[in-house]
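Subject: Structure handover

Hello,

Here is the structure I promised to pass on. Please open it and keep it beside you while you read the notes below.

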Amino acid sequence: MLRRTFMAATATLALTATTAFADGHAKDIVDTAADAGAFTTLLAAAEAAGLVETLKGDGPFTVFAPTDDAFAALPEGTVEGLLEDTDALTAILTYHVVPGAVMSGDLSDGMTAATVNGAEVTISVGDMVMVNDATVTTADIEATNGVIHVIDSVLMPPM
């Protein structure tokens, strides 16, 4: 019950943030994510991997952005270990980015998308939208250089 209440509150906050950003999306992906307040771990990881300037670049990019809660759900020590292994961190983070601006209306069930990592993610469209095993909790947060889709778990590239 507590988890449902927490998830509902999180969804409400995310939807509120989406409305604020959609009105005048005058910020890039990094600044839009920073303003949302739910992506501090993702942004710290992008900084550690040297990807911030790229994500502030021209794009366009589509970012499947795991929340802080998604990173917190990883096994203990995972995030810390990744912050020390820049190659693995970069591989994981670039697996969350697709070149181009892919809006939710562009998605179809079973489609695949090549990520910047080089591997593909699979999209499932039904009662909810999934990227591999992650659920899209908020879609189409527009930024000046692309779009953010909020996901509830961290995507792990195939090894």
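Asn-145 sits in the loop between strand S6 (134-143) and strand S7 (146-151). Helices (H or I, at least four residues) and strands (E, at least two) are DSSP runs, numbered from the N terminus. This is a predicted model, in which local features need pLDDT of at least 70, side-chain atom pairs count only at pLDDT 80 or more, and totals for chains, interfaces and linings use all residues. Residues are numbered from 1 along each chain as its sequence is written, and side-chain values use heavy atoms, with hydrogens and water left out.

Is Asn-145 buried or exposed? Asn-145 is buried, with a relative accessible area of 3%. Buried means under 20% relative accessible area, exposed over 50%, and partly exposed in between (1.4 Å probe, protein chains only). Leaving out residues up to four places away in sequence, Asn-145 touches Asp-28, Ile-29, Leu-55, Lys-56, Gly-57, Asp-58, Gly-59, Pro-60 and Phe-61. Contact here means heavy atoms within 4.5 Å. The Asn-145 side chain also reaches the backbone oxygen of Leu-55, at 2.7 Å. That is a polar contact: a pair of N or O atoms within 3.5 Å, where within protein one must be able to donate a hydrogen and the other to accept it, and residues adjacent in sequence count only if both atoms are side-chain atoms. Asn-145 and Lys-27 are 118 residues apart in sequence, yet 8.1 Å apart in space, C-alpha to C-alpha.

Now the strands around that loop. S6 and S7 form a hairpin with two residues between them. They run antiparallel and are joined by five bridges. Two strands pair if DSSP finds at least two bridges between them. Ala-143 stands opposite Gly-146 in S7. Strand S5 (residues 129-131) pairs with S6 too, in the antiparallel sense, over two bridges. Met-130 has Thr-135 as its bridge partner in S6. S5 and S6 also make a hairpin with two residues between them, and Asn-132 in the turn has a positive phi of about 55°.

Next, the charged pairs. How many salt bridges does the structure hold? There are three salt bridges. A salt bridge is a side-chain nitrogen of Lys or Arg within 4 Å of a carboxyl oxygen of Asp or Glu.

- Asp-35 pairs with Lys-27, the closest N and O atoms being 2.4 Å apart. Asp-35 is partly exposed at 44% relative accessible area, and Lys-27 is partly exposed at 38%.
- Lys-56 meets Asp-28 at 2.8 Å, N to O. The pair links distant parts of the chain, 28 residues apart: Lys-56 is in the loop between helix H4 (52-55) and strand S1 (61-66), and Asp-28 is in the loop between helix H1 (2-24) and helix H2 (29-36). Lys-56 is partly exposed at 29%, whereas Asp-28 is buried at 12%.
- Lys-56 also meets Asp-31, at 3.0 Å, N to O. Lys-56 lies in the loop between H4 and S1 and Asp-31 in helix H2, so the pair ties together parts that are 25 residues apart in sequence. Asp-31 is partly exposed at 31%.

Shared partners join Asp-28, Asp-31 and Lys-56 into one network of salt bridges.

On to helix H3 (residues 40-48). Its buried residues are Leu-42, Leu-43, Ala-45 and Ala-46. They cover an arc of only 160° around the axis, which puts them on the same side of H3. The arc is that of the directions from the helix axis to the C-beta atoms. Thr-40 and Glu-47, on the other side of H3, are exposed. What covers the buried residues of H3 includes H2, H4, S1, helix H5 (68-72), helix H6 (78-84) and helix H7 (86-94). Gly-50 follows H3 and has a positive phi, near 75°.

Last, the cores. A nonpolar core is a set of buried Ala, Val, Leu, Ile, Met, Phe, Trp, Tyr and Cys residues joined through side-chain atoms within 4.5 Å. The largest has 29 residues, and Val-63, Leu-93 and Ile-148 have the most contacts inside it. H3 gives the most to this core, with four residues. Apart from it lies another core of 13 residues, among them Val-98, Ala-113, Ala-134 and Leu-155.

Best wishes
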